[in-house]
Every structure is written in C-alpha cells, then in structure tokens.
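Please look over the structure shown here.

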Amino acid sequence: MHLKPSLVDICGPIEDGLDKVQDTLFEILTTENPLSGEVIQYFFSNKGKYLRPALCLFGASFGSAHAVTGTALRVAAAFEAFHCATLIHDDIVDQSYLRRNMPTVNAKWGPQVAVLVGDYLHDRALQVFFGTKNDLVIDLFLKTASEVCDGEILEFREKNNYGLNEGIYLNIIQKKTASLLAACIEAGAVLGGLPTEKVQALSNYGKALGMAFQVVDDCLDFMGEAHEFGKTLGADYMGGVLTLPLIRLLSGLTGKKRQEVEALFGPDGNPAEKLTILKTMITESGALEYSLAKARSYTEEARTELLKLEVSDSRKSLEQLLDFIVERSR
Ligand code: IPE
Ligand code: IPE
Ligand code: MG
Ligand code: MG
C-alpha cells in the first residue's frame, strides 16, 4: 500500500528551520506582563499546522542554503504570530468558542483581552518585519495585513446575504486567506534572493494554494470530524457566513425548497439536526463535489506555477502539499 506523506514528511527539506520556529516565536513574543504571558503560553501550547512559517521557509529554501536560518526564520515566526493574531481576533468576530480543540482566548478571557493580545502579537510581528530592513518584505507585510483585514470586513458585510454569489465569495477568501499564504512564500523567496520571475511564480503558487485551502476549510466546516478539525462544526452557517458549498446549493434552489434551506439559518430548531439536514443536501445536490473540484482546480493552477522552478526536494514537497491541502481533515 502506498501511504500518503504526512505534513511532517512533506516539510522534511525545511525540518531544521521549522523545528526552531516555536522557540523563535516565544522569543519574539517575550513579555514581562503576566497576563499577556499567560495568554500567549496558553494559545501557543497547541501548535497549529505551521503552514505559514513552512511556506516562508520553503520560499527561502530555493535560494542560498543559509537563507533558511537567520532573517527568514524570524520572518517565518513573525508570519505565524500575525496569523495567530488574526485567529484570536477572528474568533471574537465569529463568536467561536473552540480553536485547535481548546476554548478560544475570547471564551476564556473575554473580548477585551482577546483584542489586546491579538494587537500585541500583530505589533511584535511588525517589529520583526521592520527589523529585516528589507523594503520589499516590509511593504509586502503591510499590504497583506490590510488585505486580510479588508477580507474579514467584506465577509462581515455579506453576513446573512443568502444571495451571495461565488465571485464575491472568492474575492473574500482571496483577501482573508490566500493573500497571506502568498505573502509568506513570497517573502521567503525574496529573502532567499530569488530572481523576480521565480518570486512571482512562488507567490502565484501560494495564492492558488490559499484559495484551495480556504475552500476545503469551508467544506470541512460542514463535513469534517469535530475532534480532528478542532473547531465547532457548522460554525460558518450558524453565524450567517455563506461559503461555497452553501452558495452552490442555494444557487440551484428556488421557491419553497429555497425557503426551507434559508429557514435553517434561523434560531429555531436543534443545531445538530439542522447541520445533518444541510450536510445531506450539500452532498446530494453535488454542491460538495463542486466545491472540492473547485479546490482541485486551484491546486492544479498552483502546480503549473511550480514548473517555473528547477526540480528539487523543496519543489517536490510543494507539489505534495497541494494534495495534502485538499485531502486534509484538520
Ligand atoms: C485557520 O488556518 C484559518 C483559515 C485560514 C481557515 P489554519 O487551519 O492554518 O490554522 P492553524 O494555524 O493550523 O490552527
Ligand atoms: C479565516 O477565517 C481567516 C482569518 C482568520 C483572517 P475563518 O473564520 O474562515 O477561519 P476559521 O474557520 O475561524 O479558522
Ligand atoms: Mg471568520
Ligand atoms: Mg472563524
């Protein structure tokens, strides 16, 4: 039997750098303030997938050998710090109570602490970016941070819009998620000293991978297994956030059938039962299959970009990462 590579296997070529990310993160986030210290220890006790630092280190790995340490390592950790700031803030906005299988910062300490600690993480990340003294990297970070925020605001504005179309949804996820994944690998590539065309190819790869990543995440919100996913299932639709599986389902419905589905968004009824009904409809209507095919089309776009780079262990890993993203359960 041919076993699929795990994320750890895939990250083999950057293993040494990735192993140092956690220590670097804690060093960057050092504080004498006992409350922020406690929240930081808590939040980072359960590592995520480290996708953003991994992409940054992969970007750097295409350049000179030692680019994977030093500045690129600090920037990789700063991207993770920024990502975690967005998660802590996002969990306030989405009123989510579970993240990485643990109560969210918002649930444990309340929104005031969550806002402030999220800001602290963001500002520390910013300090690292300015410390690179690399204008391209600083500019890229600033541009991306505002784009992510813009995506979150757009999503908020479209809440409970049952007529949301696929184009607007794709624009939202490009901003809130894909822009950051693209920036991580692009910054790594810049720090690795790659020529412009290769930096661009990697950035395009990151963006397409990011689109696939978020579409799959939105499918997992309906179809995932709660413990593995580490977040509350059905959270998007319960919060009025329409994602691709639902947008596709609704686009094929009219009249009474559509009203029945829209009624599921209301406060009445048992959430678990409503989720089961939606899951069945999303599967039987082909909306799930459609969404996963869309994710696959983005990974194929990303795969094409990789052809612009020489064959290497890192390139092979980035190819494998595309399959991991679509097949993941967490
Ligand atoms: C969660 O990102 C936010 C989304 C863009 C869907 P990840 O799934 O990468 O989160 P962690 O860092 O692994 O927990
Ligand atoms: C992910 O938002 C993007 C950001 C945090 C900026 P989501 O709300 O879709 O992600 P999860 O499901 O909470 O991880
Ligand atoms: Mg959100
Ligand atoms: Mg959320």
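## Aromatic pairs

Phe79, Phe82, Phe129 and Phe141 make up one aromatic cluster. The model is predicted: local features need pLDDT of at least 70, side-chain atom pairs count only at pLDDT 80 or more, and totals for chains, interfaces and linings use all residues. Residues are numbered from 1 along each chain as its sequence is written, chains are lettered from A and ligands numbered from 1 in the order in which they are written, and side-chain values use heavy atoms, with hydrogens and water left out.

The whole structure holds 10 aromatic pairs. Rings of Phe, Tyr and Trp (its six-membered ring) pair if their centres lie within 6.5 Å; planes under 30 degrees apart count as stacked, over 60 as edge-to-face and the rest as tilted. Phe79 and Phe141 form an edge-to-face pair, with 6.5 Å from centre to centre and 65° between the planes. This pair links distant parts of the chain, 62 residues apart: Phe79 is in helix H6 (residues 71-93) and Phe141 in helix H9 (residues 135-157). Helices (H or I, at least four residues) and strands (E, at least two) are DSSP runs, numbered from the N terminus. Phe79 is buried, at 1% relative accessible area. Phe141 is buried too, at 1% relative accessibility. Buried means under 20% relative accessible area, exposed over 50%, and partly exposed in between (1.4 Å probe, protein chains only).

The pair of Tyr162 and Phe265 is tilted, because its planes lie at 40°; the ring centres are 4.8 Å apart. Tyr162 sits in the loop between H9 and helix H10 (166-191), and Phe265 in the loop between helix H15 (255-263) and helix H16 (271-284), so the pair ties together parts 103 residues apart in sequence. Tyr162 is partly exposed at 24% relative accessibility, whereas Phe265 is buried at 12%.

## Ligand 1 and Arg52

Which residues are around ligand 1? They are Gly48, Lys49, Arg52, His83, Leu87, Arg100, Thr177, Phe213, Gln214 and Asp217. Each has a heavy atom within 4 Å of the molecule. Arg52 places a polar side-chain atom 2.8 Å from an oxygen atom of ligand 1. A side-chain N or O atom of His83 is 2.8 Å from an oxygen atom of the ligand. For Arg100, the distance from a side-chain N or O atom to a ligand oxygen is 2.8 Å. Ligand 1 taken alone exposes 390 Å², and the protein buries 89% of that. Accessible areas come from the Shrake-Rupley method with a 1.4 Å probe; for residues, only the protein chains shown count as cover.

Arg52 is in helix H5 (residues 51-61). Arg52 is buried, at 9% relative accessible area. Beyond residues up to four places away in sequence, Arg52 touches Glu80, His83, Leu180, Leu181, Cys184 and Phe213. Contact means heavy atoms within 4.5 Å. The side chains of Arg52 and His83 are joined by a polar contact of 3.2 Å. A polar contact is a pair of N or O atoms within 3.5 Å; within protein, one must be able to donate a hydrogen and the other to accept it, and residues adjacent in sequence count only if both atoms are side-chain atoms.

Asp90 is buried at 12% relative accessibility; Asp94 is partly exposed at 25%.
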